[in-house]
Amino acid sequence: MGKRKKDIPTDVVSGVRKTTVLYRIFSFAFIVIASVCIALNVWLTPTLRWGEIVTCSLAYLLWLGYIILKDNAGYRIRILSGVAGAVLLIILIDTFLGFSGWSVSYVLPAAIILLDLALAILMLINRRNWQSYLILQVAMVLVGIVPLVLIRIGIVTQPLVSDIAFLVTVFMFLGSMILGGRTARIEMKRRFHI
């Protein structure tokens with residue numbers, strides 16, 4: 001039988017309500033501030049899209065707050081969501097400023113390297129369960145291919161950082177597989193049924 005609401009300690013319920021109310025207040029403030037910024041932007045400086053930059057930045061902060069306050073989001077999801085949201089925000093800022101490509105040439109590959117380093121640190125910290133990070137490394141190899149595709153289609157004009165990011169990702173995955181030996185092979189078979 002499930003617990004009824006009256007069986008849950010009141011301090012837990014009040015804490016959940018406080019964070020929900022706080023998040024709703026921030027959401028309302030976001031709507032008001034974003035509306036004012038976009039209106040001022042349209043009226044005062046329509047050629048520079050700073051209102052959209054402020055709105056996207058506030059949306060990112062709101063998203064980050066949601067991910068941090070969410071009870072069932074693990075630390076892996078929080079890290080990945082935070083970095084992915086930051087990269088998306090920077091790409092949007094680059095787009096609003098005329099898209100010179102610096103966001104995909106430098107920031108995207110740097111974020112991939114940052115996530116690879118974070119994975120390495122997490123694997124060292126959680127040595128007993130390091131093999132659970134192999135699936136994230138496979139995902140990072142796939143994400144590392146994205147800048148290479150952007151190079152091929154001509155969006156990324158400075159390929160050095162993208163190439164380095166891909167190599168770091170591949171070497172980290174290969175190192176985990178080689179150093180992990182039988183444990184890594186068992187984990188890959190378990191995850192991918194091969």
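The chain has six helices and zero strands, where helices (H or I, at least four residues) and strands (E, at least two) are DSSP runs numbered from the N terminus. Read along the sequence, the pattern is α-α-α-α-α-α. The radius of gyration is 21 Å, well over the 16 Å that the globule rule gives for 194 residues, so the chain is more spread out than a compact globule. That radius is taken over C-alpha atoms, and the globule rule is 2.2 Å times the number of residues to the power 0.38. The C-alpha trace spans about 60 × 60 × 25 Å along its principal axes.

This is a predicted model, in which local features need pLDDT of at least 70 and side-chain atom pairs count only at pLDDT 80 or more, while totals for chains, interfaces and linings use all residues. Residues are numbered from 1 along each chain as its sequence is written, and side-chain values use heavy atoms, with hydrogens and water left out.

Of the 194 residues in the chain, 31% are buried. Buried means under 20% relative accessible area, exposed over 50%, and partly exposed in between (1.4 Å probe, protein chains only). A nonpolar core is a set of buried Ala, Val, Leu, Ile, Met, Phe, Trp, Tyr and Cys residues joined through side-chain atoms within 4.5 Å. The largest such core has 25 residues, and those with the most contacts inside it include Leu 119, Phe 173 and Met 188. Two or more residues each come from α3 (75-96), α4 (102-125), α5 (134-152) and α6 (160-192). Helix α4 gives the largest share, eight residues. A second, separate core of five residues includes Ile 53, Tyr 60, Ile 93 and Phe 96.

| Residue | Relative accessibility | Class |
|---|---|---|
| Trp 43 | 67% | exposed |
| Ser 176 | 11% | buried |

Ser 176 is found in helix α6. Leaving aside neighbours within four places in sequence, Ser 176 is in contact (heavy atoms within 4.5 Å) with Met 123, Trp 130, Leu 134, Gln 137, Gly 181 and Ala 184. Among contacts in the chain between residues at least 6 apart in sequence, 64% join residues at least 24 apart.

Trp 43 lies in helix α1 (residues 10-44). Trp 43 also belongs to a nonpolar surface patch with Phe 28, Val 32, Val 36, Ile 38, Leu 40, Val 42 and Leu 44, which together have about 820 Å² of accessible area.

Terms used:
Patches are made of residues with over 30% relative accessible area and no salt bridge: like charges are joined within 9 Å, nonpolar side chains (Val, Leu, Ile, Met, Phe, Trp, Tyr) within 5 Å. Accessible areas come from the Shrake-Rupley method with a 1.4 Å probe; for residues, only the protein chains shown count as cover. A salt bridge is a side-chain nitrogen of Lys or Arg within 4 Å of a carboxyl oxygen of Asp or Glu.
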